Amino acid sequence: MNYEAIVLAAGQGKRMNAGMNKQFIELGGEPLIVRTLKVFDRDEWCARVVLVVNPAERSRFEQLVVRFRIKKVAAFAEGGEERQHSVYNGLQALEGRGIVLIHDGARPFIHVRHLHELADAAARYGAAVPAVRVKDTIKKVDGLFVEQTIDRSSLWAVQTPQAFRLSLIAEAHEAAKREGYLGTDDASLVERLGKPVKIVEGDYRNIKLTTPEDILFAEAILASRVAE
Ligand code: CTP
Ligand code: MG
């Protein structure tokens, strides 16, 4: 099953505190974004990648694509103010009418096996997201006092790539834009339409590099892969 991918790299990486966009941080000698793009490059189901970047950084990304011989990046789209705006711009650069996977450039530890599971589930149900069961007990807090403990058995932490039928996610983004709704992930825009979103059991190693300690976790994950 073929799909197109939108890979998001237009953030600023503020929480990483690296003095640059975290996409350029090197992990085992390769920039983070290169590691992420290489997985899509290896996946024969992936027809093309739209890479969403800030215009000021575009030439730097273009150079990486050439230097690391990334083949699937077929188009660039311009990043927006918020992640949702970046995705919206990415959607405009898609070609097909089939399945789209929307992925954070900052999650390099995805597996082709998962990409396929997600694409298949999206074709079947319309929308599918990778998620892992929450391990910690989650409490709702108000002013640093506990308000409520939420039943953990129904809580899942959601990751990317999130997979959709293109027609559905395009409709969801148009509706959100029209109604001024800003969500924290793409699936939530589909949920607003009352449409189902299928959970695909994900992998705890599919971390998003967000804060400096995530570099340590990422290095450990890399080392474990080399050992395998
Ligand atoms: N992203 C994007 N456009 C934005 C904001 C985020 O393309 N306006 C991308 C980031 O580049 C990242 C992914 O969305 O790959 C997930 O966002 P996040 O982890 O929050 O990254 P940043 O926004 O870069 O980091 P921070 O919030 O700490 O500034
Ligand atoms: Mg952000």
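Predicted model: local features only at pLDDT ≥ 70, side-chain atom pairs only at ≥ 80, totals over all residues.
Leaving aside its neighbours within four places in sequence, which residues is Leu115 in contact with?

The protein averages a pLDDT of 97, and 100% of the residues score at least 70. For the complex, the predictor gives an ipTM of 0.99 and a pTM of 0.98.

Now, Leu115. You will find this residue in helix 4, which runs over residues 112-125. Beyond the four places on either side in sequence, the contacts of Leu115 are Asp43, Trp45, Leu101, Ile110 and Pro161. Is Leu115 buried or exposed? Leu115 counts as buried because 23 other C-beta atoms lie within 10 Å, and the cut-off for buried is 20 or more.

Next, the core. The largest nonpolar core has 55 residues, and the members that touch the most others are Ile6, Leu51 and Val52. Take Leu51 as the example. Not counting residues up to four places away in sequence, Leu51 touches Val7, Ala9, Phe61, Val73 and Phe76.

Last, the ligand. How many residues surround ligand 1? There are 20, and the closest are Leu8, Ala10, Gly11, Lys14 and Arg15. Sorted by class, the shell around ligand 1 comprises five nonpolar residues, eight polar and seven charged.

To recap: Leu115 is buried and sits in helix 4, Leu51 belongs to the largest nonpolar core, and ligand 1 is surrounded by 20 residues. That's what I have.

Methods
Residues numbered from 1 in each chain as written. Chains lettered and ligands numbered in written order. Near = placed C-beta within 6 Å. Nonpolar A, V, L, I, M, F, W, Y, C, P; charged D, E, K, R; others polar. pLDDT = per-residue confidence, 0-100. Core = buried A, V, L, I, M, F, W, Y, C linked by C-beta atoms within 7 Å. Buried ≥ 20, exposed ≤ 12 C-beta atoms within 10 Å, placed from the backbone. Contact = placed C-beta atoms within 7 Å. Helix = DSSP H or I, 4+ residues; strand = E, 2+ residues; numbered from the N terminus.
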